[in-house]
Amino acid sequence: MRSVKFGFAILLYSFLSVLAQSTSTIFGVQTHLGQFYRADMDSVSMIKMLDSVKSAGITFIRDECYWSEVEKSPGVYSFPKAINDYVNAAVSRGIKILMILNYNNPLYAPHAGSAVTTDSNRLAYAKYCQQVVARYSPLGVKHYEIWNEPNIPMFWDPTPNGLDYVKLLQAAYPAIKQTDSTVIVMGCATSPAEGNPAPFINWLTFINQVFANGGGSYMDAVSFHLYRVEKKPELWLNTDVNSLRSIIGSTKPIWLTEVGYHTSNVWPYLTQQQQADYVTRLYLLGTTINKLENIIYYDLKNDGDQTNEPEHNFGLLNFNLTPKPAFTALKSLIEQIKGKELINQVKQGDNYKFTFSNSSETTHAFWNSSTTYLKNEIFGKNRLRVVQSSGETFYIYDKDRIVQVNYTEDPKYYTELDSLPSINSLELIPKIDSIVVGQKINLKLIGYTNDNKKIFIDSSAVSWSFSNSLASIDSAGRLFAHSVGSGRIIAAFEGHTLEKEIFILP
């Protein structure tokens, strides 16, 4: 539902203010299940898409229920089966729905994208809103958005007007609350509309018009859309939110209900890996913003298969519903931080370290917004689980709790553990069968879990020995060959022992 969619390291840490907030509900994605007339939105695809949403751990979908589909005869309301089906399928999977109440109805206006400028049209829209809420709120749909991008002529034809939109809010909001006072109603839902000529209205200008005319009293939260497709999220998210806050104040909850990065082969030429990096960092940065309650990524799947069409390439999934790297990266992020609170954030130059915690574990997210940087980090525990954005997982045991972290543009997650997974086998590195007298070798031990994930073990935490006096191994795992013969390297760690016979040659 988009239109205009489109140094030198600081030596001292800068500690940023942190407001602890849960990451449980910030993850959302746009679906188009309400556009059931599309061939790619059939019932089978709908189930596959919602299964993908659930498997990723995404909390919300944003979708719609068109007024023109609900009221085809004046005063007669009938809900399409496809809408009922996607609502029930989402709710049964524990997925929450932000439902858009859109657009106009040809029964009351020239066409569905027409502006709402008369009291009779507003009254009819308010009744439609009541019918939707009465139908779906009892099923669990508790979030509603009044219109979509009313600041552009595509959806408010021919001339967007902030005061007219306020009058629509004044009609719809109390009608919705009369039906169910517990639901959350969002207003504005603006397109960026930046750099476009009149009658387009810039998003901040439009929201300012709405609030200057009292519209803030007729919404529970403010929603808006931004597409900084050429910019890394570190360069715009906080700046734009601060601009919005200067208009609406600091207390009103905000929802970024459309934001995305496309991977078409036209400007700005983002690779699929760059999309994955930007999406995960967008959500990570979003956890730092007070009262930013949800980010709805646009959208779940590519809307087509033309590589030179930006509109076809915003998805986390390909058009055929196979995952892009961004889907896997977002899933990895959610699995590591969902249900935890952001308790600290540290920025040093372009290095970012965010710490999330709950009652059972603490996870640190590391990334660099522009390059690669190696840095030793001190952790609270000596056992760690490391998850890459690709989902690749391994474990580390470091006796001194000091681990070299590779800060890169794709975030990675280090979770402090009380214990490591069960060790199925041990491997000696390097793999040697013989050495020569006088040779010295640094030995390392790698463990393997039952599901074949690696455990990198600090050599100083291993109990090393040699079976005779022909060689010796010190506490750091350094093997010294003294005399010709043979013997066994013995390495023990947490109740597991590896023995390896080697020959010592002249």
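This is a predicted model: local features need pLDDT of at least 70, side-chain atom pairs count only at pLDDT 80 or more; totals for chains, interfaces and linings use all residues.
Residues are numbered from 1 along each chain as its sequence is written, and side-chain values use heavy atoms, with hydrogens and water left out.

Let me begin with helix α1, residues 43-56, which has 14 residues and reaches 20 Å from its first C-alpha to its last, close to the 20 Å expected at 1.5 Å a residue. At the start of α1, a side-chain oxygen of Asp-42 comes to within 3.0 Å of the backbone nitrogen of Val-44, and just after the helix Gly-57 adopts a positive phi of about 85°.

Which residues of α1 are buried? They are Ser-45, Met-46, Met-49, Leu-50, Ser-52, Val-53 and Ala-56, where buried means under 20% relative accessible area, exposed means over 50%, and partly exposed lies in between, with a 1.4 Å probe and protein chains only. These residues sit on the same side of α1, because they cover an arc of only 150° around the axis, the arc being that of the directions from the helix axis to the C-beta atoms. The cover over the buried residues of α1 includes β2 (27-30), β3 (60-64), α3 (81-92) and α9 (325-337).

Strand β3 brings me to the strand pairings. β3 and β4 pair in the parallel sense over five bridges, and two strands are said to pair if DSSP finds at least two bridges between them. Within this pairing, Ile-61 stands opposite Ile-97 in β4. Strand β4, residues 96-101, is mostly covered, with five of its six residues buried. β4 also runs parallel to strand β5, residues 143-146, and four bridges join them; the bridge partner of Met-99 in β5 is Tyr-144.

Now to the charged side chains. The structure holds 28 salt bridges, each being a side-chain nitrogen of Lys or Arg within 4 Å of a carboxyl oxygen of Asp or Glu. One of them joins the side chains of Arg-38 and Asp-303 at 3.3 Å, N to O. Arg-38 lies in the loop between β2 and α1 and Asp-303 in the loop between β9 (292-297) and α9, so this pair ties together parts that are 265 residues apart in sequence. Both Arg-38 and Asp-303 are buried, and a network of salt bridges links Arg-38, Asp-40, Lys-301 and Asp-303.

A further salt bridge is formed by the side chains of Arg-62 and Glu-258, at 2.9 Å, N to O. This pair links distant parts of the chain, with Arg-62 in strand β3 and Glu-258 in strand β8 (residues 254-259), 196 residues apart. Arg-62 counts as buried because its relative accessible area is 0%, and Glu-258 is buried with a relative accessible area of 0%.

Lys-232 and Glu-409 also meet through their side chains in a salt bridge, at 3.7 Å, N to O. Are these two residues buried or partly exposed? Lys-232 counts as partly exposed at 21% relative accessibility, and Glu-409 counts as partly exposed at 25%.

Finally, I turn to two loop residues. Thr-408 is placed in the loop between β16 (402-407) and β17 (412-417), and it counts as buried because its relative accessibility is 11%. Leaving aside neighbours within four places in sequence, Thr-408 is in contact, meaning heavy atoms within 4.5 Å, with Trp-367, Asn-368, Thr-371 and Thr-372.

Pro-160 lies in the loop between β5 and α5 (162-179) and counts as buried at 5% relative accessibility. Not counting residues up to four places away in sequence, Pro-160 touches Pro-150, Asn-151, Ile-152, Pro-153, Pro-199 and Ile-201. The C-alpha atoms of Pro-160 and Ile-201 are separated by 7.1 Å, although these residues are 41 residues apart along the chain.

Terms used
The expected span of a helix is 1.5 Å times one less than its number of residues. A polar contact is a pair of N or O atoms within 3.5 Å; within protein, one must be able to donate a hydrogen and the other to accept it, and residues adjacent in sequence count only if both atoms are side-chain atoms.
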